[in-house]
Amino acid sequence: MKRKLFIFIGLLLLLAGCKSPSTNQPSSKPVEHGNMHSEDSMGMDHENMEGMQGHMDHDDIPPLQASKGIKELTIPPLLEKKQDADYDYEVVAQEGITEFFEDGATKTYGYNGDLLGPTMRLKKGETVKVKVRNELKEPTTFHWHGLEVPGSEDGGPSKVIQPGETKMVTLKADQPAATLWYHPHPHELTAKQVFKGLAGMLYVTDTDEDATALPHTYGVDDIPLIFQDRLFDGEQLNYDGLMNNDGTIGDISIVNGTMNPKLTITQPIMRFRILNGANARNYTFRLSNAGTFTQIASDGGLLSEPIETEEITLSPSERAEILIDFSKMDPHEPIAITDEAGNALLPFEWKIDESTEKLDAAAWTDNTPFLSEEEKSLPVSKEIELFGMMDKVTINGKKFDPNRIDFRQEKGVSEVWEIYNKPDMMGGMIHPFHIHGTQFKIISRDGKEPEPHERGWKDSVLIEPDERVKLLVTFPEEGIYMYHCHILEHEDNGMMGQVEVY
Ligand SMILES: [Cu+2]
């Protein structure tokens, strides 16, 4: 129904030949559009309808197969700190072989291994040197998603590391405790490299956070969950043959790279750090018993207060931390984390030691308002319009050009970015919007204050067709940063811009 409405609105817009209405706000600063013009209506006429074959109609996403619960979930190892080297950590992008299927070896990519990467933990305030090395046969970069580091260390598409090359990067974790991640970002190769297995968790930890009685024993009661969907050609991840320009969506679910996983739980209260690591699929997670759980964190740290909920929706690259209290549940009833359709993505097996003392459920309330009155009343100073589908995706009518700076913003100065997802005649689609080098706050969605689960630091935000989202954006460091759609194929197709922070 909603989709039909978008089609109707899309047709109206097309007939009227109108541009998106600009916001009439009192403005102390001129509103920047990053030179919006030229290709604004590109590709959406009848001649180009042919190009839409394979367009990812979000009412028609292939369902995920439920996990058969055969294999214990892989927990990525922790990345060990080097003791006798002039650097702290080493991360190597390499080729590998993964046995997803009994009778076949799948060619994959991994960091320091065959698939995915080890979990890196940085203490809040700590500065580390990381040696990064590319042992692939193609260029790559190492991007620290959500970490507020200078543009020079951020690993965007301009920081290419050629096959065989090594580079040193300096990372300072000068931000609240959070579940971040790292992945490649080479232009036009990101989607393929993530699809084949390059991604890892990156935590910022804080002793204050331990004091809130949150579970924090890695792999025991504090579990990373990287959800991804994959499409196989036989037993191979034949990306070039299977890719879809609107986002490659698969029917096979893997969690931490494990196909048909189950997780044995040993503690009554478990903390899960969930990453949507898919190229394009949006996930809505629920419990199979329709029970509630507690969301405690968004992309960039703890929420203002814990939220009791029955589901969470994450678009690609978004994270959420949740607590599940198994002591409230019936151990004889099978329980799983499911998707929207009720398919079990991660079934649980109970081995809870009844003698374990149950921690008091975490509770805190941040009494300072999430947004100050001053922040809420700031005028919009940057307008961004997301538009298109397949390989005809643009931001403000343009495709990524490494030689073009679209916006400039002063370090440490908060500005309001308004992101508009402009529908097209097909109705448009969700675009997850990500900004490098910052944790921002959502000020409003179509003029309404964000829901409680979005009152926390964010670096990626799901934007519905025809939705207008205002963000409060501050960059603590300098450099050139990317902002882009996190459907990886859209990103590779140029749905990306650059902001220079001075
Ligand atoms: Cu997109």
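Guide: The part to look at is an open sheet of 4 strands, whose order is 3-2-5-7 and whose pairing is mixed. A strand here is a DSSP run of E with at least two residues, numbered from the N terminus, and two strands pair if DSSP finds at least two bridges between them. Strands of a sheet pair through backbone hydrogen bonds, either parallel or antiparallel. At the edges of this sheet lie strand 3 (104-111) and strand 7 (166-172), each of which pairs on one side only. From one strand to the next the twist averages 35 degrees, where axes are lines fitted to C-alpha atoms and angles run from 0 to 180 degrees between N-to-C directions.

This is a predicted model, in which local features need pLDDT of at least 70 and side-chain atom pairs count only at pLDDT 80 or more, while totals for chains, interfaces and linings use all residues. Residues are numbered from 1 along each chain as its sequence is written.

With that numbering in hand, you can find strand 5 at residues 127-134, which runs antiparallel to strand 7 and is joined to strand 7 by 7 bridges. Within this pair, Lys131 of strand 5 stands opposite Met168 in strand 7.

To place the sheet in its setting, the protein chain has 6 helices (DSSP runs of H or I, at least four residues) and 31 strands. Of the 502 residues in the protein chain, 50% are buried, meaning that 20 or more other C-beta atoms, placed from the backbone, lie within 10 Å of a residue's own.

Terms used: A residue is buried if 20 or more other C-beta atoms lie within 10 Å of its own, exposed if 12 or fewer, and partly exposed in between; C-beta atoms are placed from the backbone.
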